[in-house]
Amino acid sequence: MELTINGVVHQIDVELDTPLLWVLRDDLGMTGTKYGCGLAQCGACTVLIDGRAVRSCVTPVEKMAGASIVTIEAIERDDLGKRVVTAWVKHQVPQCGYCQSGQVMAATSLLRQVPHPTDADIDAAMVNLCRCGTYNAIRAAIHDLASGSTDGGA
Amino acid sequence: MVNGLFDDAPLMQQEPVNLSRRRFMLTSAGAATGAFVLGFGLPARQARAQAAQGPKYRGTQVPALLEIRPDNTVRLQSPFIEGGQGTFTAMAQIVGEELDADPSTFLVENAPAGDEYAVMDSGMRITGGSMSVRNGYPAMRRLGALGREMLLQAGAQHLGVPVSELTTQPGQVVHAASGRMVNYGDLAHVAMDLPVPDPASVKLRDPSQFRWIGKSVKRLDIYEKSTGKVDYAIDVRIDGMLHAAVQHAPRLGMTVGSIRNEEQVRQMKGVHSVHRLPGAVAVVAERWWHAKRGVEALLVNWAEAEPGAASDIRVMPADFSTEEFRKHLATVSGKEENAETRGDVTRGLKNAHTVVEATYFSQYVNHGQLEPPSALARYNPDGTLDIWLPNQAPDMFRADMARRTGMDAEKITIHSPLLGGFFGRHFLYDHGSPYPQAIALAKATGRPIKLIWTREEEFLRDALRPMAAVRFRAGLDATGRPVALDVVSATEGATEGLGTKRGKDLDPTALEGLTNKAYDIPDRRIAQLFVRNPATLGYWRSVGNSMNDFLYETFLDELADKGHQDPYELRLHLLRDNRRLTTLLKAVADLSGGWKRGPFTAADGSRRARGIGMSSPFGSEAAAIAEVSLENGRVRVQEVWEAIDPGKVVNPAIVEAQVNGAIALGLSQVLLEETVYENGMPRARNYEGYPILALNQMPRVHVKIVESGEKMGGVGEPPLPAIPPAVANAVSTLTGRRIRSMPLSRHDFAS
Amino acid sequence: MTNRLKKIFAVVIPASAVLAAGTAWFVTRLPASSFEKTGSQGEPSAQLVARGEYVSRLTDCVACHSVPGGAAYTGGLKMVTPMGAIFATNITPDRETGIGAYTLADFDRALRSGVAKDGHRFYPAMPYPSYAKLSDDDVKALYAYFMKGVPAVHQENRKSAIPWPLNMRWPLAFWNVVFAPSGVYRPDISKDAQWNRGAYLVEGAGHCGACHTPRSLAFHEKGTDSHSAAFVSGALIDGWFAPSLRNDPNTGLGRWSEDDIFRFLKTGRNDHAVVFGSMTEAFNNSTQFFSDDDLRAVAHYLKSLPGNAQRDGTPWQYEPTQAKALQPAGRQGIPGAQTYMAKCSFCHGTDGRGQGQWVPPLAGAASSLVPDSSSSINVTLNGSDRVVAAGVPDSYRMPSYRAQLSDGEIADVLTFVRSSWGNRQLPVTNGDVKKLREQTVPASSSPVILKIH
Ligand code: FES
Ligand code: FES
C-alpha cells in the first residue's frame, strides 16, 4: 500500500493491521517516533495525522491510505512545529528526551486547535507521559508559544 | 572494579560501523562535520604509555578522553552516561572551563569500557548514586587543564615562541605579543604526539574566574532531543541486523518445558527462527513487529524451577503475593542487626514520658523508564563482539559479558547510547537486561540481533525497589519532644538484594534515610531485620532514601502530633545545633511564604494543608514543603517548595530541572505507584495497571538552591526523598488521618 | 488466572423442587441412552476420532474441562455459584479419575442427560440441556475422540464447595424433568438444510443459548429453539452481557450481514465488533475451528431469528454531534469527555467509530446500546483477554483501566460513550461500577490458549 509521510509517498508491503509505529521504525527507518508501551498509554509514539495527534502504536496502517502523516523528522518543516521546537529549546524542556518526540507532536496538535491554550486546555490535551517529570517545562513552553513571544526565528 | 582488568582494551572503535545514522550523538550546533576525523584518537596502549601516572591522578589519559577536531569542536568521551540528568553538559562545562573551550563546542558521548575512563576516586566507573559531577569534578577539571597544557606546548612549536608567552582564549592559543592566534583544531595533530604533562604540575583556574561552571549553560542535547534526532539503544540499526522478541517464563526460575506450536510459529510470515533460552523463548524476524507477534503466539509449557535453582537465582514462588508479604514483614521476628546506636535506647524509652509505637510500610515500585530495554549484539568476523545497550556501568557489563561468553573482555566492545530514562534501571541486574539473550541469539543465528523487550516483558523482569515494614518506637519527654527512638526495619537492601547471598556487613542502602539523621535524638538504635525478598531487587532513584525518608519523616510528624508540637518548630528544635540544615529548613519555609500548616481555605475555596519533609541523601541536603487538597476523595498536590543544598553547583538550570524531575517521581511514588504481585506474578504488565504521574497531576514547583559551599553533593537523586513525606504529612494534617504507607491512592479520602 | 468464562450461571436449586422430592426410584434411575444395547464397537477409526475432535470444537468441552497451563481435559476450572464453588471434572480416559471406564451409553447419559456413570446428576453448569440435541453420530464420534484422541491423565477431581443440603444433587432430576428438553435435534422440514445445520449448531452443539438466552428464576434458559422469542435474545452472565443474537438492529445482529457474522466467528472481528469478554474464549477455543460451511450455516440461521422492535427501539443512526464536545475547551465541561479523549479516543477514535475491523466502534455497538451496562463497565475495568485467531494473538488489545480510573470516572466516561454518536442515553452509575469492580479481576495481557491434546 501507499503511505504519505512527511509529504513523501512510500510503498510498503505489510499486513494491514501492522501498527503505523513499526512501519515507521522498521520499514522506513524513521526511529524518531518512539515505542514506549504499544498500548496507547504513554504517547511516545505520537505522530500527526491530518494535523491531529495520533498514537501510532495503536494505528493500523490500513486506515492510513490517503492520510497525511507527519512525524517528528519533519516537524520543523511545519511553521507551527518549528515554533514548538524553538520553544522546547528555549525552555530546555527535555531531560532523557525519550518522550519528547511525542510531546512536541502533541503540543503542535494542541496549538493548532487552540492557539492560546489555558492551563486547563494544556491539562486536557497534554496527556503524554514523561517519566523524567518535564511537565512544568512543557507547560511553560506552551504558554510561551501561546503568548506569542517565541517565534520561529528566535 | 579491578584495575588492570581491561588493560588491553582497544580505546576507541574506529571502524566505520554501518550505523544508519550519525555515529556520534550529541552533535552540537556547528559540529556537523559528518566525516570522522582523527584528532587525538590514539590506541589505548599508546595513550596509557603516555600517561603512566597511576591511579593517584585519574582521568589523565588525555588522548583517550579528548579529541579536538579541525573544526575546533571538542569531542569528549564522558565516563558518565547521559540519561537526562545533564551529565554530558556538566562534563563539557567542567572540562571546557579548564581547557578553555566553550561548552557549546563540545561533542560528548559515552566512553567505551576501559580503565582510562575510571575517573572516580573509588577507581570504579558507574553512573549512579548522583556521583558523576561531584566525583568526576576533580578529574575532569584536571583533564581539561592537561589538555590545555598540551595545546599550549603544541602552540609553542607551531608559532616558534616559548610557551611562557602563550595564553588561551576559548578555542584558541594566543600569542599576545605578536597578536597571532591559532585554533585548537589546527594544533591537535601536533598536540597528539606530545607527552601528557605531569598532573601534579597543572594549574587549575581560580573558581572566581569561572565562566561556565556555576552558570546555567544551555544543555548540549536539547535540540536533538526535541526533534527526535537522538538514537537511543532501541533506535540503533546496523547492516544485516535481525530483530528479536522474547516471552519470559511467568515466574523467574521456571524453564522452557516444551513448545506446543513451534513449527506453526516458524512458518509465520516474517519469522526467521524460534529459540529456547534460559527461562525464555525468542523469535527472530526481519521486523520486530513480526518477532513480537511470533513470540506471543508461542504456546510454551513452562516447567517449574529445578530444586536447587534458588542457589543461583531468585526463584519466584508460585504463591507469592505482596499483600501477604507485607503482613509477614510486619510480624516476622528474628535477628535485629544494629546499624546505628547512640546513647541507650532502652533506658531512653524507659524513662520517656510517653512511648509511641507504629509500623510503617514501603511498597515495591517499578522503574518505568520510558525506553523499554533493548540490546543489539553483533559478532564480527574476527571473533570480537560489539554490543549496544543502555547501561550505567560499561566495565561491569563488559566483565559480565566476558564471564557469560567465556570471551576475553578486550574482545568485547560496549556502545552505550543515551538512556531513555534510567532511574537506576540500567544497573547490572541478573535477568534484568536483554543482553545475554541478544548475545545468545546473535551466536545462534550468525547475524546481528537487536532484541527489544516489550513493555509487558519489562514489567515482568524489572528489578524492584525493596519492600519494608519499619517498626518504630519512640519516647517523648514531658514537653512532648522525642528523646529516644528505636527503629527496626524488616527488609532487604537493594545491594544485598542483587544476588542470592548476603554480604558480611549490613547493606547501607537498606537503612539509609533511617540512619545518620541529623535530628538530635540522644538515645537511638536503628536496626535491620533481614528478610529475603522473593522478587529481584534493584536500585530505584534515591535508593534507600526514596522509601526510608518517607517512613522516618512521616513518623516524626506522628510524634509531633502525639507530643502536641508543630512539625516545623519541632524540626528546628531537633536541628538547633546544625547550621546548615537550619538554614535550609528556614529557606524552604521562606520560599513558601512562611511556614503555615493549615488546614486553611485557599483562594479557590478548596481546603488545603501543608507538610514538611527533609532528607540528606547522596552528599546533599534537601527540604520540601508540599501543599495538598482533596478532589473527589483523591489527593491533589497543589504546590511544592523545595530547597536543596548540594554544597556547590555546576549548572543551576540543570539542578532546577533535576529537582522538578525528582519531585515528579517522588509524587508519583507517594500518590500512585505500587507493584503488586499475586500468584507469583506482577499484576501490572504495562502502564495500564501501573499508573505514573501525568501532567495534570504535576503541581507548581518552586526551587531554591542553597550553596553552602560544603563538599559537593549529588543532584539527580537528592531532591526526591523529601517529597513523599511532605505530601503524606500534609494529607495527615488535612484529613486528620495518619498515613503510614504509600501510595495514597490506596486510601479513599472521600469516606 | 483470569476471569475466563465459566459457561455457568448461578445454579440455584429452587426450593420448591426440593420440597417436591419424589421417590428414590425416580431420582436415582438412569435415563435411557440410545446406545443401551450397543456393545463395544472395537477400535474406532482414525477418521471417527478426527470427527470427534471436530465435534469437541463445536461443543467447546475444553472451555470448562481445562485450565490454562493444565493438561488437556483434566478439569479443575472453578465455577463460582452463589452457593459455592464447583469444579469441572477430569474427562480424560483415565480409568480412576477420568471417564476411562465409561461405555458409550454412560458417556451418552452424561453428555445428553447430565447423569454420571455412578448416577449422580450434574449441575446444569454442564450444558447438557443443549447437548441433548446432539445427533447419535456426533455423540459416537465424540466418545471415540475422548477415548482414543485424548491422552489419559490421572488427576483427582476437586470436590465442590457447595454446602449440604444444597450439595444434594438428586433434586436436579426434577429440574431436568421440568426444564431440560430431551431428544435430539429434529430438522424443521420447512427450512433448508443450511438453516437446519445452523439450528443444530446454535441450539445444540454450540450451546449459544447457555450465555445468550435469558434465564428464569429457576435458572433454566427461557427458550431453547427458534420458536421462542427469548432464545438468544441477550443475557447477563458472569459480569458480561451476552448480547442478542437475533435481528435486533441495536442490541443484536440486525445490522450485520450473514457474511459479517461469518467473519466474526471465523476471525474474531469485523467492522461492527471484536470479540471481547466471555466470547473471547468461545472464539479462541471453539468458533474459529468450525468449518466454513458450519459457520455460514450458523450465520444463516441466526439471521432468520426475528428481532423485537418494541424492545430494541428505533434503529440506531450515527450522529456526528459529539465532535465539538471533544475539543480541548469543550470537553472540560462534559463529564467523561476528557477521560474519553485521554484514554479511549486514541484507539476508538474521536468519532467513536473505531478503526475498521481492528479496533471496534463504540458508536452503535451493541454494548453501547443495550440497557445493561455490565459489558461496557467490565471491559473498561478489566480489559479483555487476547483474541487469538489462527494461532496469532491480536495486534491490539483493550487495556484494563481499573488502576487508573475511579468508579466515578468510569461511570462518567461510559455515560458519555453511551450517549454520544447516536447512542441511547443510557447512563452508568458509580454503584454499577463499584459492584463489578469488586466482583471481577483484570484480564491477562498474555494470550491464553487451552490445550486439547
Ligand atoms: S507507544 Fe504508543 S502510546 Fe505508548
Ligand atoms: S524527558 Fe525523559 S521521559 Fe520525558
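**Chain A and its two partners**

Let's start with a zero: between chain A and chain C, the rule finds zero salt bridges, a salt bridge being a side-chain nitrogen of Lys or Arg within 4 Å of a carboxyl oxygen of Asp or Glu. Quick housekeeping: this is a predicted model, where local features need pLDDT of at least 70 and side-chain atom pairs count only at pLDDT 80 or more, while totals for chains, interfaces and linings use all residues. Residues are numbered from 1 along each chain as its sequence is written, chains are lettered from A and ligands numbered from 1 in the order in which they are written, and side-chain values use heavy atoms, with hydrogens and water left out.

So what does join chain A and chain C? There are eight residue pairs in polar contact, both at pLDDT 80 or more. (That's N or O atoms within 3.5 Å; within protein, one must be able to donate a hydrogen and the other to accept it, and residues adjacent in sequence count only if both atoms are side-chain atoms.) On the chain A side, β4 (52-55), α3 and α4 each supply at least two residues, and α4(A) gives the largest share, five residues. Helices here are DSSP runs of H or I, at least four residues, and strands are runs of E, at least two, numbered from the N terminus.

In all, 25 residues of chain A and 20 residues of chain C make the contact, meaning heavy atoms within 4.5 Å. About 1900 Å² gets buried between them, 55% of it on carbon and sulfur atoms; that's accessible area (1.4 Å probe) lost on putting the two parts together, summed over both.

Now over to chain B. Here 48 residues of chain A touch 63 residues of chain B, and the buried area is about 4500 Å², with carbon and sulfur giving 54%. How many salt bridges does the rule find across this one? Seven. Asp17(A) and Arg293(B) meet in a salt bridge, at 3.2 Å, N to O. The elements of chain A giving two or more residues to that side are α1 (20-27), α2 (79-90), α3 (100-113), α4 (119-125) and α5 (135-147). Polar contacts come to 32 residue pairs, both at pLDDT 80 or more.

Last, chain A by itself. You've got five helices and five strands, running β-β-α-β-β-β-α-α-α-α from the N terminus. The C-alpha atoms fill a box of roughly 45 × 30 × 25 Å along the principal axes.
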